[in-house]
Amino acid sequence: MKKTIETSHKLNANPEKVWTIISKASGVNEWLPIITSCSFEGNKRICTTEQGDLKETILIIDNANKMFQYVIDEQPLLPIHNVVGTMKVLTKNGGTELIWNIDFDIEDESQFPMVAQAIKDLYQAGANGLETISK
């Protein structure tokens, strides 16, 4: 069944700096703790974790609207598939709002609460990391 998780994070950081970090597509390991290394070539990105590689295809890097969208083609972390993530950087009250959403399919509905919490925790850790390295 198709699911969507929407998150919003207020960052005490310059939105231009946050967008620069996200839009370069590489270096995810610098701000997302679960990622140990990251490589990027063409529109393909591989983010390595202790559990294995996340293989991604970058769909959109929209500098005008500060939107980054990607598909996770393969991942060993959660029982989900057909994953599309979207990150948007907005300027809010002199700071940054990071909207980070994910759409995916999950076959075992009983696992959704665990998956939802894991994603929210992961995205919060990423937002915290972006805030830290954007200062």
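Predicted model: local features only at pLDDT ≥ 70, side-chain atom pairs only at ≥ 80, totals over all residues.
**Salt bridges around Glu-97**
- Lys-10 pairs up with Glu-97, with the closest N and O atoms 3.9 Å apart.
- Lys-10 lies in strand β1 and Glu-97 in strand β7, so this pair ties together parts that are 87 residues apart in sequence.
- Lys-92 meets Glu-97 too, at 3.6 Å from N to O.
- Glu-97 counts as buried at 9% relative accessibility, whereas Lys-10 is exposed at 66% and Lys-92 is partly exposed at 40%.

**Glu-16 and Lys-66**
- These two form a salt bridge whose closest N and O atoms are 2.9 Å apart.
- Glu-16 is in helix α1 and Lys-66 in the loop between β4 and β5, 50 residues apart.
- Lys-66 is buried, with a relative accessible area of 15%, while Glu-16 is partly exposed at 45%.

**Aromatic pairs**
- Trp-31 and Trp-100 have ring centres 6.0 Å apart and planes at 55 degrees, so the pair is tilted.
- Phe-68 and Tyr-70 make another tilted pair, with centres 6.1 Å apart and planes at 45 degrees; both residues are buried.

**Charges over rings**
- Arg-45 lies over the face of Tyr-70, 5.7 Å from the ring centre.
- The charged end of Lys-3 sits over the ring of Phe-112, 4.8 Å from its centre.

Conventions:
Residues numbered from 1 in each chain as written. Heavy atoms only, no water. Phe/Tyr/Trp six-rings, centres within 6.5 Å; stacked < 30°, edge-to-face > 60°. Buried < 20%, exposed > 50% of the residue type's maximum accessible area, 1.4 Å probe, protein only. Lys NZ or Arg CZ within 6 Å of the ring centre and 35° of its normal. Salt bridge = Lys/Arg side-chain N within 4 Å of Asp/Glu carboxyl O. Helix = DSSP H or I, 4+ residues; strand = E, 2+ residues; numbered from the N terminus.
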